[in-house]
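Subject: Structure handover

Dear colleague,

My notes on what was found follow it.

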Amino acid sequence: MAGLNGALGSTFKVVRILQALSLIAIIGMAAYFVSQMVSHNNAPSNVLVGTLSVTSIAVLYCAITYILYIDNILPFLITTGMDGMLLIALVVVAVVVGKPLSYLDCQIIGSSSVSESTYQLGLELKKAFNKGGTEIKYSNWIGASKVTCYEMKAIWGLSIALCILFAFSAICSVCLWRRSKVIAPKSVEA
């Protein structure tokens, strides 16, 4: 069943659901990292705080626009612009989160070939934890363990997927707006 706006409308709803699920996953992982940092009396990384801010706003936006769409009162042109702005914000998140991650191989963290650099990282993190109140550098945090590395790569991957999803929902929104503006053809009576 395609619904009121056909396949395009159904696609819009599916994309919104996928966006919300991805955003909630990112919020959960990033909030866990912030919680770990704060529990050790350290200031959370600006990268993680920025990621949480953007994704929290975006999940609220997705929920509101989904409800407005279901009630058939969603302003499609404004939604297109907002999707574009969130796309830009998520591109920034993906670039900032991914820049140091792109050089990091999670498999070798903890292996004997990098034991010296891991030891140095451990000393630096221990010093930051013992000092209290200091900000942990994002580039140091992501290399702390394999689990942290993989979770941050998951956040990065979901951010990239969200860029694609928001670009797609912007295209769907503009097409739905165009469809709503098309004037029905007049019937010709013989």
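**Cores**

The largest nonpolar core has 30 residues, and V97, M152, I155 and F166 are the ones that touch the most other members. A nonpolar core here is a set of buried Ala, Val, Leu, Ile, Met, Phe, Trp, Tyr and Cys residues joined through side-chain atoms within 4.5 Å. Buried means under 20% relative accessible area, exposed over 50%, and partly exposed in between, with a 1.4 Å probe and protein chains only. At least two residues of this core come from each of α1, α2 (46-70), α3, α5 (138-141) and α6. The most come from α1, which gives 8 residues. Another core lies apart from this one and has 6 residues, including Y69, L74, F76 and C172.

Leaving aside residues up to four places away in sequence, M152 touches F33, L48, V97, L101, Y138 and I142. Contact means heavy atoms within 4.5 Å.

**Basis of the model**

The model is predicted: local features need pLDDT of at least 70, side-chain atom pairs count only at pLDDT 80 or more, and totals for chains, interfaces and linings use all residues. Residues are numbered from 1 along each chain as its sequence is written, and side-chain values use heavy atoms, with hydrogens and water left out.

**Fold and surface**

The protein chain has 6 helices and 0 strands, in the order α-α-α-α-α-α from the N terminus. Helices (H or I, at least four residues) and strands (E, at least two) are DSSP runs, numbered from the N terminus. Helix α1 has 34 residues and spans 50 Å from its first C-alpha to its last, close to the 50 Å expected at 1.5 Å a residue; the expected span is 1.5 Å times one less than the number of residues. After α1 comes N41, with a positive phi near 60°.

Of the 190 residues in the protein chain, 35% count as buried. Among contacts between residues at least 6 apart in sequence, 82% join residues at least 24 apart. The accessible surface of the protein chain is about 10800 Å², and 68% of this belongs to carbon and sulfur atoms; the areas come from the Shrake-Rupley method with a 1.4 Å probe, and for residues only the protein chains shown count as cover.

**Cysteines**

There is 1 disulfide in the structure, the term being used for a pair of cysteine sulfur atoms within 2.5 Å. Its partners are C106 and C149, with sulfur atoms 1.8 Å apart. The S-S torsion of C106 and C149 is about -75°, so the disulfide is left-handed. C106 sits in the loop between α3 (76-101) and α4 (115-131) and C149 in helix α6 (residues 146-181), so the pair ties together parts that are 43 residues apart in sequence. Both C106 and C149 are buried.

C172 is in no disulfide, and the nearest cysteine sulfur, that of C175, is 6.7 Å away. C172 is buried, at a relative accessible area of 3%.

**Salt bridge**

The whole structure has 1 salt bridge, meaning a side-chain nitrogen of Lys or Arg within 4 Å of a carboxyl oxygen of Asp or Glu. R16 pairs with D83, and the closest N and O atoms are 2.9 Å apart. R16 is in helix α1 (residues 6-39) and D83 in helix α3, 67 residues apart, so the pair links distant parts of the chain. R16 is buried, at 2% relative accessible area, and D83 counts as buried at 0%.

Regards
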